Amino acid sequence: MRRYKLDISNRKFVIDVQELAADRFEVIVGDNTYEVSLSGDEDMSEATITPGLPVKASGTSTTATANALARVRNEPAPATNAETPAPPPAPRAAAGKKGALNAPMPGVILEVNVKAGDTVTRGQQVAILDAMKMHNVIGAPRAGTIAEVFVSVGQNVNHGDAIVSFTGD
Amino acid sequence: MIDHETIGLLLKGVNAVTWQSLVMIGVSFVLMYLAIAKDYEPLLLLPIAAGCMLANLPLSPLMAEDGMLKVLYNMGITNELFPLLIFVGIGALTDFGPLLENPRLVLLGAAGQFGIFLTLILALLLGFTPNEAASIGIIGAIDGPTSIYVSGILAPHMLGPITVAAYSYMSLVPIILPPIIRLLTTKNERLIRMPYSSRKISRRTRIMFPIVVTVLVGTLVPFATPLIGMLMLGNLMKESGAVERLTKASAGEIANAVTLFLGLAIGSTMVGAEFLKTSTLAILVLGIIAFGVDAAAGVLFAKVLNWLSGGKVNPMIGAAGISAFPMAARVVQRVAQEEDFENFLLMHAMGANAAGQVASVVAGGVLLALMGAGG
């Protein structure tokens with residue numbers, strides 16, 4: 001996860017970019033989350049994204065992140081010179097979140113046993129994931145309070161998709 | 001007036017009751033109890049129990065020349081049709097994805113067949129003929145149709161006990177595997193986590209797999225061609241997505257109907273005098289040894305893999321290298337989660353289990369080749 005604090009036309013943005021795969025990022029801007037896929041990766045001139053944070057020409061991950069960021073940053077900013085339209089805010093596919101409870105393997109959610117605000121103990125059943133026709137109990141990785149539930153019954157999840165997040169993450 | 005002859009005719013049934021048939025009817029009740037009350041492979045054990053009961057009733061017309069049970073037996077057991085049709089259904093239900101994602105798991109499937117050959121030697125030492133010994137050994141694969149197929153060719157007279165052993169042990173997988181796993185692994189080994197590797201398997205690979213395996217195995221082990229061919233046909237239909245109706249029928253209606261016929265026909269081989277022999281007991285005992293050794297060999301081999309990989313393989317998944325897909329893999333996952341609820345070995349266990357399914361078929365073919373079946 002990399003956090004960028006931007007000041008665009010006197011508006012402040014905090015943008016968190018989480019690398020999901022080499023070409024997929026989760027970008028969180030304020031309350032909105034976007035899954036961004038990187039379709040091109042060009043080396044642009046030595047741009048400075050964050051003051052004091054030069055983009056390394058060789059560091060592909062930084063460049064990729066920067067590019068992904070470049071693509072999404074127009075969305076929340078009030079119509080500046082939009083060269084690339086931001087990706088539409090896809091229905092939240094609940095891509096993996098750090099600190100959150102993520103799906104250990106692909107499958108279908110059969111049961112969700114908690115809701116936002118619930119306090120859980122470590123190991124408490126949070127959901128049941130049907131994988132390879134086996135019902136797998138997904139337990140809470142730690143004690144805490146559920147901040148958000150990202151899945152609903154019948155939903156297909158992929159490996160690493162977030163199931164719930166905890167407050168304080 | 002009623003004379004002695006008339007009474008004799010009326011009581012023909014009662015007079016034909018033998019102690020063996022009574023015992024076998026008792027056995028059928030036990031099987032029914034296991035199927036209905038204990039839920040042990042009821043789909044197969046209930047028809048077997050019914051076939052056994054019907055065949056042991058005195059002078060059972062079902063067992064006469066054109067009796068239904070005889071007809072079913074000749075229709076699908078003597079020529080191996082039924083187990084092969086079941087295999088199409090199994091293929092249509094088996095997902096080889098986890099194996100394709102992690103192809104080295106195929107080694108665990110191979111290791112999971114070791115017990116077959118050890119049991120073969122044990123059975124030979126106990127005085128069984130080589131053909132009989134091979135049929136007993138194949139019980140270790142915990143693969144009903146393969147057991148029926150192999151023993152149907154090599155030792156048809158032992159089909160009843162072998163099938164009952166294979167299927168009842170299959171239903172005992174959840175009871176037999178965990179102690180074997182716990183005995184052979186340390187707690188630390190059982191706690192090894194194996195993260196899911198989300199390698200995407202292309203549709204092309206999934207379609208190519210059954211074709212390549214059929215050609216390869218069929219060329220290397222011709223005796224396995226019928227089994228592997230049908231298994232992979234089912235899988236090809238599933239993965240191609242081109243013949244959804246046939247896939248559905250194979251995995252559903254056809255498999256269900258054949259299971260009923262197969263169960264009845266197998267049950268009908270369990271006739272008193274033939275079944276109640278010490279050899280039956282020996283078969284049951286050897287069968288469970290074969291099963292245990294298969295699972296143990298899988299675990300031990302997985303330990304070797306773990307050592308070679310520097311601690312990245314949880315040895316428990318080796319226990320899924322037997323057949324009994326997908327039950328063995330589920331049992332492994334359950335044991336893993338009992339110790340660490342955040343440990344999800346399921347996909348790896350499924351891979352080993354799918355490999356075991358293929359390997360047991362190959363082992364069956366190898367046994368047939370060793371015994372020089374079919375000339």
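Which residue takes a positive phi of about 60 degrees just after α21(B)? Select B:G372, which has this phi just after the helix.

A note on the model comes first. The model is predicted: local features need pLDDT of at least 70, side-chain atom pairs count only at pLDDT 80 or more, and totals for chains, interfaces and linings use all residues. Residues are numbered from 1 along each chain as its sequence is written, while chains are lettered from A and ligands numbered from 1 in the order in which they are written.

**Stop 1: helix α21 of chain B**

Select residues 346-370 of chain B, which form α21. Helices are DSSP runs of H or I with at least four residues, strands are runs of E with at least two, and both are numbered from the N terminus. The end C-alpha atoms of α21(B) are 35 Å apart, in agreement with the 36 Å that its 25 residues should span at 1.5 Å a residue; the expected span is 1.5 Å times one less than the number of residues. Because 22 of the 25 residues are buried, α21(B) is largely enclosed by the rest of the structure. A residue is buried if 20 or more other C-beta atoms lie within 10 Å of its own, exposed if 12 or fewer, and partly exposed in between, with C-beta atoms placed from the backbone.

**Stop 2: the contact between the chains**

Display both chains. The contact takes 12 residues from chain B and 12 residues from chain A; two residues are in contact if their C-beta atoms, placed from the backbone, lie within 7 Å. On the side of chain B that touches chain A, α20 (327-339) and α21 of chain B each supply at least two residues. The largest share of that side, 3 residues, comes from α21(B).

**Stop 3: helices α15 and α16 of chain B**

Select residues 203-220 and 225-240 of chain B. These helices, α15 and α16, pack at an angle of about 170 degrees, with their axes 8 Å apart. Axes are lines fitted to C-alpha atoms, for helices over the stretch in contact, and angles run from 0 to 180 degrees between N-to-C directions. The two helices are therefore roughly antiparallel, a term for angles over 145 degrees. Among the residues of α15(B) that meet α16(B) are B:I207, B:P210 and B:V217.

Next, select B:M237 in helix α16 of chain B. With 23 C-beta neighbours inside 10 Å, B:M237 counts as buried. Not counting residues up to four places away in sequence, B:M237 touches B:A92, B:V243, B:L246, B:T247 and B:S250. The C-alpha atoms of B:M237 and B:I207 are separated by 8.7 Å, although the two residues are 30 apart along the chain.

**Stop 4: the strands of chain A**

Turn to chain A, whose secondary structure comes to 1 helix and 14 strands. Of its 169 residues, 27% count as buried.

Select the open sheet of 4 strands in the order β11-β10-β8-β13, with antiparallel pairing; two strands pair if DSSP finds at least two bridges between them. Its edge strands are β11 (134-139) and β13 (156-157) of chain A, each pairing on one side only. Strand β8 (residues 107-112) pairs with β13(A) over 2 bridges, and A:G107 stands opposite A:V157.

Finally, select β3 (residues 24-29) and β4 (residues 32-37) of chain A, which pair in the antiparallel sense over 6 bridges. A:V29 stands opposite A:N32. In this hairpin, with 2 residues between the strands, A:G30 takes a positive phi near 60 degrees.

Notes
Parallel < 35°, antiparallel > 145°, perpendicular 65-115°, else oblique.
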